[in-house]
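Subject: Handover of a two-chain structure

Dear colleague,

Please find the structure below, handed over for your own work.

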Amino acid sequence: MTTRSEAAPPGTDEAPARPARRRGRLVPYWLLLPGILWLLVFFALPLVYQASTSVQTGSLEEGYKVTWHFATYWDALGDYWPQFLRSVLYAGAATVLCLLLGYPLAYLIAFRAGRWRNLILVLVIAPFFTSFLIRTLAWKTILADGGPVVGALNSLHILDVTSWLGATDGDRVLATPLAVVCGLTYNFLPFMILPLYTSLERVDGRLHEAAGDLYARPATTFRKVTLPLSMPGVVSGTLLTFIPAAGDYVNADLLGSTDTRMVGNVIQTQFLRILDYPTAAALSFILMAAILFMVTFYIRKSGTEDLL
Amino acid sequence: MAARSPLSPFAAFFRLLRRNVVVLAGLGTLGYLLLPNVVVTVFSFNKPKGRFNYSWQEFSTDAWKDPCGVADMCGSLSLSLQIAFWATLGATVLGTMIAFALVRYRFRARGAVNSLIFLPMAMPEVVMAASLLTLFLNMGAQLGFWTVLIAHIMFCLSFVVTAVKARVMSMDPRLEQAAQDLYAGPAQTFLRVTLPIAAPGIAAGALLAFALSFDDFIITNFNAGSTVTFPMFVWGSAQRGTPVQINVIGTAMFLIAVLLVVTGMLVGKRRARKSR
């Protein structure tokens, strides 16, 4: 086909034009094929395998068979609901802290940094280039027992309050929920700052002036102009922080104790140490479903609030 | 009432204070972000007494003089670099192709393709890691270099697509039409017009893929078998004892990255000045 159309003399337009057009129609499919195939085989298909594994029974020695044993789900929820609850609580707390800490910095970069803007942006991204495990281990030093941070928190009686709330344990910060939340907040903070900055950067500075001209106080300007306009950044920032934080097990393992285990820790030990594949698959499936449900609900809700 | 007048010293003071509150809070957050890097750097000069490098003992440059002095660490580092290189290459090629198809062509099942690309970014890593492991176990695949590479290409792909798509979308299609009006063939147009314009997006996607792959722990932890990448080495050492050399590598990586970014920014600035 191709050789004939290439050999065709330039006078006869019809013959070469048609195969070219037909080839043109297939181009997007050829471009998509390898990548999409990769995602189908190594992302979508595994989810099917995981769902199937979760309803299997058997043992490592005798092999597993699909027996539609849905009781695994109830047992998993019954055994590990504290870890699920902890995941949601810790990830939620970390997300709120990220928003509270990240918003001023994003605001600073967008409106107040001037010629320092690019430098500060580089400093926000730069920690990424040191392995996050090494940086998380550094928190062991920072929050060490009897260290300057713990000493300061203690003398300000902050630890009394957090102890009363159950977030810390006496004079210790390390191996408590506070340490885990602190690590989660630290690890996912850039994922909050960058989307916030992107949406704040688009806010026209003249709107602030206009609000001021219309006798709005700075706080009112922020509440009625800046904050609503930055909502897309708040929504994507909270999602980008909450989702990875809810599935994380690194912070809970390195900075926490057995009392701070999250659902990610359970999945990891079930899969890699205890080798109870059905329970691990069921837990992972529940986590996925819960997060997809929450994300859809949240996007719907924030989408409508955005319009108000 | 007094607060309304811009000249009132009371209002001026409050405005100044308010501005400073934002700046101070922002700088505080920046400090929180950078504090661990400072600790990592300082402790790369430590001489710990026990197996763990968590408390300060005395100044020493031993680790910097002998960065590969720990068994297996530099091997794991070079393995991580190799995996990151091939994963970046694979994800960038596949992702760029998808991005072009999405922006430039009409085809069926666009919605399905879009959600297949979005979902890996909205999924907790541990879920992807666990499900991929069930696939490999069911297929009886030997866990190691290849399973890690497959997994890394999978989760880097979506990020490359997003980065390249943003760039190609902002491209002026008239430039390519102009090239064709000037008798450039499709291949020539692509190589000399389309690709150079899309290059920054592709480079950004590739850089992101490299960083993600090099630093990935959770997915690697599940699918590496007994293969030890650098993050896996650090994880293992958190249990067995942390050598100072880990901090040396961490500090060096940070410095190299900052140096590269700053050089890039300066070169870009100079170029912009020249073209003016």
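UniProt annotations may be inferred rather than shown by experiment, and their positions are given here in the numbering of this structure. With that understood, an unreviewed UniProt entry lists "transmembrane region" for residues 21-45, 83-103, 115-137, 143-164, 193-214 and 244-267 of chain B. Please note that the model is a predicted one.

Two of these annotated spans were examined in the model. Residues 193-214 of chain B are 100% helix and 0% strand, with 32 Å between the end C-alpha atoms.

Turning to the interface, 70 residues of chain B are in contact with 72 residues of chain A. On the chain B side, the elements that give two or more residues are α1 (9-42), α3 (73-104), α4 (110-118), α5 (125-139), α6 (145-169), α10 (230-240) and α11 (244-275) of chain B. The largest share of that side, 16 residues, comes from α1(B). By class, the side of chain B that touches chain A consists of 54 nonpolar, eleven polar and five charged residues.

Chain A is divided into domain 1 (2-54) and domain 2 (76-307). The centres of these two domains of chain A, taken over C-alpha atoms, are separated by 42 Å. Their contact takes four residues from domain 1 of chain A and six residues from domain 2 of chain A. On the domain 1 side, the contacting residues are one nonpolar and three polar, with no charged residue.

As to confidence, chain A averages a pLDDT of 86, and 90% of the residues score at least 70. The pLDDT is below 50 over residues 1-20 of chain A, a stretch with six contacts in the model beyond near neighbours in sequence. Residues 304-308 of chain A also stay under 50 in pLDDT, and the model has one contact for them beyond four places in sequence. Where pLDDT is low, the predicted coordinates should not be read in detail.

Yours sincerely

Methods: Residues numbered from 1 in each chain as written. Chains lettered and ligands numbered in written order. Predicted model: local features only at pLDDT ≥ 70, side-chain atom pairs only at ≥ 80, totals over all residues. Domains from an automatic or database assignment. Contact = placed C-beta atoms within 7 Å. Nonpolar A, V, L, I, M, F, W, Y, C, P; charged D, E, K, R; others polar. Helix = DSSP H or I, 4+ residues; strand = E, 2+ residues; numbered from the N terminus. pLDDT = per-residue confidence, 0-100.
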